[in-house]
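Please read the points below with the model at hand.

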Amino acid sequence: MIVVGVDGSRAGLEAVAWAAREAALRGVPLRVAHAIYAWACETDQGRYSEIAQWMRQGAEAVLEAGADRARRLEPALTVETAILPGDPREALIREGAQAELLVVGNHGLSAVRGLLVGSVAYGVAGHASCDVVVVRESPAATNGEIVVGIDGTAQSGHVLEFAFAEAALRQADLRAVHVWNRYETGGGIQPVPGDWRETEQHEFRQLKEALAGWCERYPDVKVIEEIVQGHPVDALRAAARAADLLVVGSRGRGGLAGMALGSVSHAMLHHAPGPLAVIRQTR
Ligand SMILES: Nc1ncnc2c1ncn2[C@@H]1O[C@H](COP(=O)(O)OP(=O)(O)OP(=O)(O)O)[C@@H](O)[C@H]1O
Ligand SMILES: [Mg+2]
């Protein structure tokens, strides 16, 4: 099952559209979910019961708009709706524990504040136990290319697994981008004197090694290997400009203890040009 969070916003509806296509391709049901205050779900009597009922009716309308969009796009899809009690982040993360994928918009109804990513999208991408796709308000591209960012860590396995499966499912090409840098993070210069071509060849071999097994498993997926020297955020953003989906891991090489997301995944939440998949690396 795929769970998609809606809140009545346009980004939420785009999330539904993306999730409906994905659910249809995977052959799984879609659950459209909207969270409201827990007391509004429970209160049937007393002086606030009318307000609670009004809030539940509002939630039903938001869910119906979402479900309707999904059914119109994918008439054969099984679509269910759910009002979730409590904080939307906690509620969606709870739902996500039973789901194979959680989909949200990059922002919601409070988008007027000018933030590039809302607190629900951010909280869910950082803390859900399942993979999360964050969809932007502008409709996703359909150029038939998926981009995956690979940092060469041992945990890239799940990221590649998701990216290859997705490319096969969507019959898209897969652009595997490995970004490397001459400089150590923090401004220090690597003490190794430089034949950068040699370093680049080494990075290229690493990328090939990381991809080898997956290319064998998915012989029909056309893979484009790309080595870029620079900062991963700039490079991934540029590579994903016309892509249908950008896939990154939730953590990378650095991984300061206590940070929910690595710095690249965090930055991509704000700056990815299109749909972004954040893949859990430890399961
Ligand atoms: N109450 C909710 N129930 C279900 N999903 C929600 C709810 N609120 C937000 N979402 C999901 O999260 C996405 C991002 O919305 P979010 O609330 O993070 O942004 P925002 O409203 O712009 O900012 P914030 O609420 O942090 O001020 C929405 O597009 C929707 O997919
Ligand atoms: Mg919101």
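1. Contacts of A121. Apart from its neighbours within four places in sequence, A121 contacts V104, G105, N106, H107 and V134. The model in which these contacts are found is a predicted one.

2. Setting of A121. This residue belongs to helix α5. A121 counts as buried because 29 other C-beta atoms lie within 10 Å, where the cut-off for a buried residue is 20 or more. Between A121 and G108 there are 8.6 Å from C-alpha to C-alpha, with a separation of 13 residues in sequence.

3. Surroundings of ligand 1. The shell around ligand 1 holds 23 residues, and G5, G105, G108, G118 and S119 are the closest. At least two residues of this shell come from each of α1 (10–26), β2 (30–36), α4 (88–96), β4 (101–105) and α5 (119–127). By class, the shell around ligand 1 comprises 12 nonpolar, 10 polar and 1 charged residues.

4. Nonpolar core. In the largest nonpolar core there are 81 residues, and V4, V103, L246 and V247 have the most contacts inside it. Helix α1 makes the greatest contribution to this core, with 9 residues. Both domain 1 (2–135) and domain 2 (145–276) supply at least three residues to this core. In soluble globular proteins, nonpolar side chains tend to be buried together.

5. Contacts of V247. Which residues does V247 touch, not counting those up to four places away in sequence? They are I146, V148, V159, F162, A163, E166, A277 and I279.

Notes: Residues numbered from 1 in each chain as written. Chains lettered and ligands numbered in written order. Predicted model: local features only at pLDDT ≥ 70, side-chain atom pairs only at ≥ 80, totals over all residues. Near = placed C-beta within 6 Å. Helix = DSSP H or I, 4+ residues; strand = E, 2+ residues; numbered from the N terminus. Nonpolar A, V, L, I, M, F, W, Y, C, P; charged D, E, K, R; others polar. Core = buried A, V, L, I, M, F, W, Y, C linked by C-beta atoms within 7 Å. Buried ≥ 20, exposed ≤ 12 C-beta atoms within 10 Å, placed from the backbone. Domains from an automatic or database assignment. Contact = placed C-beta atoms within 7 Å.
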